[in-house]
Amino acid sequence: MSDINPILSGSAQSIAAYQDAIEQSTQAVVAWLQQPEMYQGKTVEQLRERIQLSFTSQGLGNQVAIERAVEYFLKDSLSVHHAQCVAHLHCPSLVISQAAEVLINATNQSMDSWDQSPSATIIEMKLIEWLRQQVGYTAGDAGVFTSGGTQSNLMGLMLARDAFFARQGHSVQQHGLTGDLSKIKVLCSENAHFSVQKNMALMGLGYQSVTLVKTDAFSRMDLSDLSTKLAQADANGEQVLAIVATAGTTDAGAIDPLAEIAAMAAERHIWLHVDAAWGGALLLSEQYRHYLDGLELADSVTLDFHKQFFQTISCGAFLLKDARHYELMRYQAAYLNSGFDEEQGVPNLVSKSLQTTRRFDALKLWMGLEALGKKQYAEIIDNGVTLAQQVAQFVTEQPQLELVMQPQLASVLFRFRPESGDAAAVALLNQRIGDALLASGSANVGVTESDGVTCLKLTLLNPTVCLADVKLLLESVKACALQLLKA
């Protein structure tokens with residue numbers, strides 16, 4: 001074993017080793033942050049050949065291990081903070097979030113029982129109470145922090161499923177699924193997150209259980225088609241266990257008409273889950289909060305904080321309107337949440353989560369809110385939405401560029417439109433533009449499809465980016481396109 005104990009502890013040797021390792025890592029990050037390139041531009045093949053494992057019998061020691069991580073990981077990482085990195089819902093992080101990570105990692109609290117995370121448990125519960133207030137739910141702490149949108153959506157769909165069967169006098173938890181499962185459906189829009197299908201498959205109901213509702217010109221769920229699909233389900237003898245509405249689709253940032261969908265769901269006693277993984281950031285907005293009107297009517301809500309809340313990955317939350325539905329997934333283990341502890345008022349978060357061991361990610365949001373305050377937080381969230389509107393206007397003024405859809409949140413869908421070329425050629429050109437920019441290391445622009453049209457996507461989450469930065473990026477797009485056309 002190394003002369004210096006490798007375990008973090010209160011010994012003088014361990015503390016010294018910790019300080020050295022953190023200092024070395026911090027210096028490397030500072031140098032990386034000052035790197036001018038967005039990406040060093042290595043291909044998959046180059047990285048696969050370059051990165052080699054070096055697990056020796058004696059070990060390399062902390063210093064060499066960090067040096068190798070810097071060389072083979074850090075230097076070849078994408079600079080998410082770079083002004084030209086705008087492809088995905090992948091945000092730069094708050095400085096305070098980085099500080100929170102130091103505390104989270106060093107203390108290594110586990111949120112599955114009170115005696116493993118005493119202060120952390122209370123902080124998370126208070127944050128859930130606060131988030132419920134922002135949504136418009138009644139007072140309470142029904143909710144939990146999660147790894148992100150996919151897990152939160154799974155919790156919403158699972159509880160919707162179990163509540164559906166419970167109304168028929170059947171416990172899925174105790175007896176499993178029953179009946180003709182092909183007749184059980186979930187409705188969501190064509191632009192809902194793929195985790196709806198993924199989670200329904202995980203729950204044993206399969207992709208076939210998901211009925212897609214058409215969307216309008218702005219990628220929002222079409223209410224007329226929703227009504228039609230509900231009527232068709234009735235006519236086919238099918239039962240709808242949930243409707244999943246989206247507040248912020250991945251590409252267009254579309255927000256479904258939440259209040260109207262909630263009314264249709266309530267009329268039929270159908271669970272409404274709202275995936276607000278992206279759009280939920282508008283809970284703090286001063287300009288655009290009204291986009292989320294109707295969110296308070298949902299039975300459950302997904303929120304992500306590693307998108308436009310600017311927290312490090314991962315950090316999300318699931319909120320449940322009616323706490324009694326948590327009984328559907330309740331399980332007691334004597335070593336974690338015993339009946340005795342419950343009688344004594346000991347908090348119990350493990351029964352609210354799909355995870356057992358779980359990080360104290362709530363600390364990042366708490367510290368972020370305390371450090372920035374609601375006003376500054378609102379400003380950096382609103383900045384992205386406003387910037388997207390400005391960029392869209394600029395795109396419409398460029399003869400070689402075509403705006404594919406008016407922005408709704410902080411994304412802009414557009415494409416380069418050459419003077420000639422059929423649809424397939426134009427689609428391929430725009431795909432190649434995105435690939436070429438990333439390969440060069442100069443920019444990371446998204447490539448996606450909107451209503452069958454291959455287009456480029458700018459996801460403008462970075463509050464340090466201004467219109468001038470995006471104009472430079474668009475010039476790079478045009479220059480790259482012209483170069484490809486000449487080749």
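Author: The second largest pocket is lined by 23 residues, and those nearest its centre are L60, G61, N62, Q63 and A65. A pocket here is an open set of points on a 1 Å grid over the protein atoms alone, where a 1.4 Å probe fits and protein lies on both sides within 12 Å along at least five of seven lines, and a lining residue has an atom within 4 Å of a point. The model is a predicted one, in which local features need pLDDT of at least 70 and side-chain atom pairs count only at pLDDT 80 or more, while totals for chains, interfaces and linings use all residues. Residues are numbered from 1 along each chain as its sequence is written, and side-chain values use heavy atoms, with hydrogens and water left out.

The space in this second largest pocket is about 470 Å³, a volume being the space filled by probe spheres set on grid points that are joined across faces, edges and corners. Helix α3 supplies the largest share of the lining, seven residues, and α1 and α3 each give at least two; helices are DSSP runs of H or I with at least four residues, strands are runs of E with at least two, and both are numbered from the N terminus. By class, the lining has 11 nonpolar, 10 polar and two charged residues, where Ala, Val, Leu, Ile, Met, Phe, Trp, Tyr, Cys and Pro count as nonpolar, Asp, Glu, Lys and Arg as charged, and the others, Gly among them, as polar.

The largest pocket has a volume of about 1600 Å³, and of the 46 residues that line it, V29, S93, Q98, E101 and T312 are the closest to its centre. Two or more lining residues come from each of α1 (12-33), α3 (62-74) and α4 (95-107), with α1 giving the most, 11 residues. The lining of this largest pocket divides into 29 nonpolar, 16 polar and one charged residues.

Not counting residues up to four places away in sequence, Y377 touches L94, L284, F309, F310, Q311, L365, G368, L369 and L372, contact meaning heavy atoms within 4.5 Å. Both F309 and Y377 are buried, that is, under 20% relative accessible area, with exposed over 50% and partly exposed in between (1.4 Å probe, protein chains only).

Aromatic rings of Phe, Tyr and Trp (its six-membered ring) pair if their centres lie within 6.5 Å, with planes under 30 degrees apart counted as stacked, over 60 as edge-to-face and the rest as tilted. By this rule there are five aromatic pairs. Y288 and Y291 form a tilted one, 5.4 Å centre to centre with 50° between the planes; Y288 is buried at 7% relative accessibility, whereas Y291 is partly exposed at 29%. The ring centres of F309 and Y377 are 5.9 Å apart and their planes stand at 70°, so this pair is edge-to-face. It links distant parts of the chain, with F309 in the loop between β6 (300-304) and β7 (316-320) and Y377 in helix α12 (residues 362-396), 68 residues apart. Together with F145 and F305, the residues F309 and Y377 form one aromatic cluster.
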